[in-house]
Amino acid sequence: MNEGRGEDIGHNKLKLVGIYLLFVVTGLIIGYTIFAPITGNIVLGLTMGFIIGGGPGSLIVLKLEKDN
């Protein structure tokens with residue numbers, strides 16, 4: 001009877017990881033296209049993009065996880 005519950009939890013975690021990865025990839029794209037040319041350093045640009053995408057992404061995922 002509880003077998004469906006485990007699948008729901010796994011699917012929910014997978015969805016949260018997908019949301020986080022969406023934010024991270026978006027941040028990396030922003031870092032590559034905007035910050036890398038400004039700074040002249042691709043590693044610094046990608047790092048800034050990761051921080052911009054990953055920070056809010058992790059906060060949103062934690063909020064969504066707490067609500068469930």
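Student: Is Met 48 buried, exposed or partly exposed?

Tutor: This is a predicted model, and in it Met 48 counts as partly exposed, because its relative accessibility is 28% and buried would need under 20%.

Student: Where does Met 48 lie, and what does Met 48 touch?

Tutor: Met 48 lies in helix 2. Leaving out residues up to four places away in sequence, Met 48 touches Phe 35 and Thr 39.

Student: And how far is Met 48 from Ile 30, C-alpha to C-alpha?

Tutor: The separation is 8.9 Å, with the two residues 18 apart along the chain.

Student: OK, zooming out. What's the secondary structure of the protein?

Tutor: Two helices and zero strands. Helix 1 covers 3–39 and helix 2 covers 42–67.

Student: How much of the protein is buried?

Tutor: Buried residues are 18% of the 68. The accessible surface is about 5,000 Å², and carbon and sulfur atoms account for 71% of that.

Student: Which residues make the nonpolar surface patch?

Tutor: Leu 28, Tyr 32, Ile 42, Val 43, Leu 46, Phe 50 and Ile 51, together about 640 Å². Helix 2 gives the largest share, five residues, though each helix supplies at least two.

Student: Back to Tyr 32: which helix is that in, and how exposed is Tyr 32?

Tutor: Tyr 32 lies in helix 1. Its relative accessible area is 49%, so Tyr 32 is partly exposed; exposed would take over 50%.

Notes: Residues are numbered from 1 along each chain as its sequence is written. This is a predicted model: local features need pLDDT of at least 70, side-chain atom pairs count only at pLDDT 80 or more; totals for chains, interfaces and linings use all residues. Side-chain values use heavy atoms; hydrogens and water are left out. Patches are made of residues with over 30% relative accessible area and no salt bridge: like charges are joined within 9 Å, nonpolar side chains (Val, Leu, Ile, Met, Phe, Trp, Tyr) within 5 Å. Accessible areas come from the Shrake-Rupley method with a 1.4 Å probe; for residues, only the protein chains shown count as cover. A salt bridge is a side-chain nitrogen of Lys or Arg within 4 Å of a carboxyl oxygen of Asp or Glu. Helices (H or I, at least four residues) and strands (E, at least two) are DSSP runs, numbered from the N terminus. Buried means under 20% relative accessible area, exposed over 50%, partly exposed in between (1.4 Å probe, protein chains only). Contact means heavy atoms within 4.5 Å.
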